[in-house]
Amino acid sequence: MSGTLSSIYNNVSFALNLQMEAMARLQEQASTGSRINRASDDPSTAFRVLGLNSQQRSLENYMDNLSQAISILDLSSHVLEGQGGMIQALVTAKTSLTQVTGGIFAEDPEGRETITRGINEILEQIVSLANTKYTGHYVFGGSNSTSAPYVVQRTDGEITSVTYQGSYENRDVEVAPGMMTSVLYVGEDIFRSNNRGDPIFLGNTGAKPGTGTSSVRGDTWLTVTFNDVSGQYELSIDDGATKVAVPPGGDTNQAVTDSQTGRVLYVDSTQINSTGVEMVRVPGTYDVFNTLISIRDTLRKTDLPNADELQTNLLNSLDEVHKLLVQNTVVLGSKTGFLENLKDSLQKLKYDAEDEVTRLEEADIAQIAVDLSRYEVLYQMALLIAGKLMSMSLLDFIR
Amino acid sequence: MSSYSIGISGLSAAQKALDIVGNNIANAATDGYHRQRIELTPAYASQIGSLFLGGGVDIAGVTRMVDNFIEQEILRQQSSLGQVSKELAMLRTIENLFGELTASDALSTTIDKFFNALQDLCTDPTEITWQSEVITAAETMAGQFRTLGQFLTGLESQITLEAENAIGRVNALINQIAGLNDDIEKIEIRGGKANNLCDQRDQCVIELSELIGIETQTREHGVVDVSIGPIPVVVGSTIIELEVGLDENNRLGISPAGASNYNTDMQGGQLGGLLSLKNKLISEIRDDLDNLAGVIIQEMNQYHVQGVGSSGSFTELTGWVNASEDLSDFSTVSAGYAYIRVTNTSSGAVSRTAIPVLQDDSSDTLTEIASFIDGADVANVSATVNSSNQLIILADEGYKFDFLPAVLPEPEPTPKTLTGTDPPIITVSGIYTGTTNSVFTCTVADGGAGDNKIGVTDGLKLQVSKDGEWVKDLYVGLGYAAGDRLDLGDGLYISLSIDVNNDKTAGDLRNGDNFAVKAWADTDTSGVLAAVGINTFFSGSSALDIAVCSNISSSPGRIATALGPDMTDNTNAQRMAGLKDESVSGLSGLTPGQFYHRLVTTIGQHVLVKQMREDNIAVVLKNLANQQSDISGVNINDEAAQMLVFEQMFQAMAKYLSTVQSLMSSLMELV
């Protein structure tokens, strides 16, 4: 027997609850603009949305890191090739040196001294550039960014040596999932050649390269003296601090060590026939600083017998470090370009992720409006019918 | 005179029927009321010859309109609905509290931000801004974990309390049912019909079924027995009361009062829902959350204990408070070694010592570990264990210590066979990138007899083997410039220099000379440092107590970002940041983020499934209720029609009596 009071009540309240719940859900979707407001709305889609949101945050972080990496690399490039940068300074140094080797100031001591002072200023400038900071941190010290990578020693106010005290590890940073890139470079990799050639002896003492592989770098001054007591020639590469005696008849591979650096120069001493100071240059081992120091000091040595030859070789040294810096500028530039492209790619990935999230989450407002009006009609209908059924019964007709 | 009795019986029957109609209409809205119907039967009067004459109408009884099958099914569905509704309500609350997809600081966001902050720190591990960001992000994440952990724990307490209240109501209903059974039986055993009492009793049974799943059995004289699970709680008028409590596994269960024999698997009703929530649903969610927090703590600490931050090595480290000092009580400690590095701050000399852990009877307690560190094996460092089982390590004046896996600047082990007249100095540098502790052995080969000079002897080489297997040759003869770095592999370098400080002018090596370089990927193979809180980043072990160690949050420079010997690298920060994308076996092979996303969607799935279940049961229940209403409910129209019938019957019977009276008067006039 359908139509009992309780069944009418059950049916009406069930229907009204259904419509109310549906309308509340639609209203929430309309007000948030999202069809998924909690995982239970659609668990599998929610899992994707959570993953995509996480991916977006991660990509954003990568892009921040990339921006910082690009800024540091831009600064590093600027140090090398920008206005007032190292390459420009080396070009100036080369021009000055050419004026000497070209003879303009060859016989003009004051002019030479002016140029020498200019070279010294360039050296100061370059050391300062090598110790450039980005937001308080040194950019050419590798992973050690808190202390100045290049430390100088001075005599009478002038730099006599520049020593690298930074780290030999690059500062690597993850800039994309699984992709590491160096942000802070090891200064030694940027400012020093690492393509060792055979030593070239530029002097008249008769000393020749030994058969061993020397470990001295850049320009080394080999001093050949004669010991009146022992009657032997003596060799030194540390300004006489330590001396090695040439055995009678000489030695084809005599080790001469620098007591300060521990570096060794192998000398064929069999043909040494006179004393003197001989420049030994090792192509492929120059660094920017010691090259300039060497140029400055050589320009001051006016009494060298083969000054022209030396100056020409100094130009070669300068060319070597100039070429090194240009090469490294290209490396830094292409790294920057690569990172810019990577950033664009990550940006695109982020946009894609955002689009995907929007697509998955976004509520269809038009559909919601249609559904809402449908449920409204159903709700009103349920109320109306309930009212009718409840209000009308046989009792109305019993008189 | 039978005509009078016929008329009176008709009048009486119609009046009683109208009473029942009135009673039905009066109870049309009464919960649990079953429509009643009067049963009328013709009354036998007399036989005259072959004629059987009726004697009016008898009231055979008043029947409750009940379909027992439907009633049973309603009880069952009501019970299921009670359970599902309770589960759904709680799960909804949990889902809302997790707040994923709506809240901006939900746990997934804070986890991401923490690992992203670590990644930021990689760009500059010495920068205080990044260090502080890591601390803030870590504290926010830990706070979010604790909020959720405490909420779930609070929810479990609330469930226990709610279950205690519900069981009180269950016991009250059991008593009511038994009492009503007794009353019903007394009436019906005398042949009466206790319809209204039955309705009351059945209403109690329905209420009971909403609280817990029940089985009922109807016996003679209207008595209904009730069982809850295996417990016969009502048998006639006797009862067994129940209690709730926690069993030895902290699982909520129901037991006969005083028996403490808890059944944790009761189904149905609100109590079934509460048991299921406490013992399974919430328990699983909390376990997963604890597991996630525990893995993040453990993995972070495992890396953190081995590194150092921008503030460098330590002069003192104090572990956290431990419940036991017996290392076998620590689930994460296994037999292995912790390697301590001690540095003389004046000379820079570094030594490394292996601390045995669970190797034998003398290395299985914290005190024994402290004694070893305190003893002669580890010079210039002392250690103690206090009454709270905290391990405290102290460096002597002028010394510092750490657990860095950095290679020592000189090859290890110290004894090496360099037999040349003026052997070179061997220096090791770099940061090992391998994943296991290994030994690189370099053996001199291809020189001539006697001394061979580095940089001079043609073909002189070092044969490099890693853990006994050849990996490469490094040429140190002609072509090698003394002092230059040679790539040993896996991020390590060696260089051979001339020992000018001792007035040597050559670096002499002889065939067969060898030295070993120990490369460290893990300086705590036992896990003891992370387990006892030495140089850890997080403290705690679960979502409830995860926190950033106070000495780290007060001194961000202690965040152990570096592993290299110069302590300026970001290798450890990278390792820690890399945890974000690391599949962890303890998290079912998922990354922390994926594991958490799965947890959130699992809760969502539970909610969705329960919601669908509730909807389905609600529909079934509505249909059953309609069906029940068809049989047992009061239809006003029907009752009105009945009322018309019996009203007319009454009027007709009155007319009949009037007619009989008239007949009798006429008859009397004849006399």
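Colleague: What pLDDT does chain B average?
Modeller: This is a predicted model, where local features need pLDDT of at least 70 and side-chain atom pairs 80 or more, while totals for chains, interfaces and linings use all residues. Residues are numbered from 1 along each chain as its sequence is written, chains are lettered from A in the order in which they are written, and side-chain values use heavy atoms, without hydrogens and water. Chain B averages 91 (pLDDT is the predictor's confidence in each residue, from 0 to 100), and 99% of its residues score at least 70.
Colleague: And what ipTM does the complex get?
Modeller: The predictor gives an ipTM of 0.83, with a pTM of 0.86.
Colleague: Strand 8 of chain B: why is it largely enclosed?
Modeller: Because four of its five residues, 252-256, are buried (under 20% relative accessible area, 1.4 Å probe, protein chains only). Strands here are DSSP E runs of at least two residues, and helices are H or I runs of at least four, numbered from the N terminus.
Colleague: In what sense do strand 7 and strand 8 of chain B pair?
Modeller: Antiparallel, over five bridges; pairing takes at least two DSSP bridges. L246(B) stands opposite L252(B). Five residues lie between the strands of this hairpin, and N250(B) has a positive phi near 65°.
Colleague: Switching topic, which helix gives the largest share of the lining of the second largest pocket?
Modeller: Helix 11 of chain B, with ten residues. Helix 1 of chain A and helices 2 and 5 of chain B each supply at least two. The lining divides into 15 nonpolar, 14 polar and six charged residues.

Notes: Buried means under 20% relative accessible area, exposed over 50%, partly exposed in between (1.4 Å probe, protein chains only). Ala, Val, Leu, Ile, Met, Phe, Trp, Tyr, Cys and Pro count as nonpolar, Asp, Glu, Lys and Arg as charged, and the others, Gly among them, as polar.
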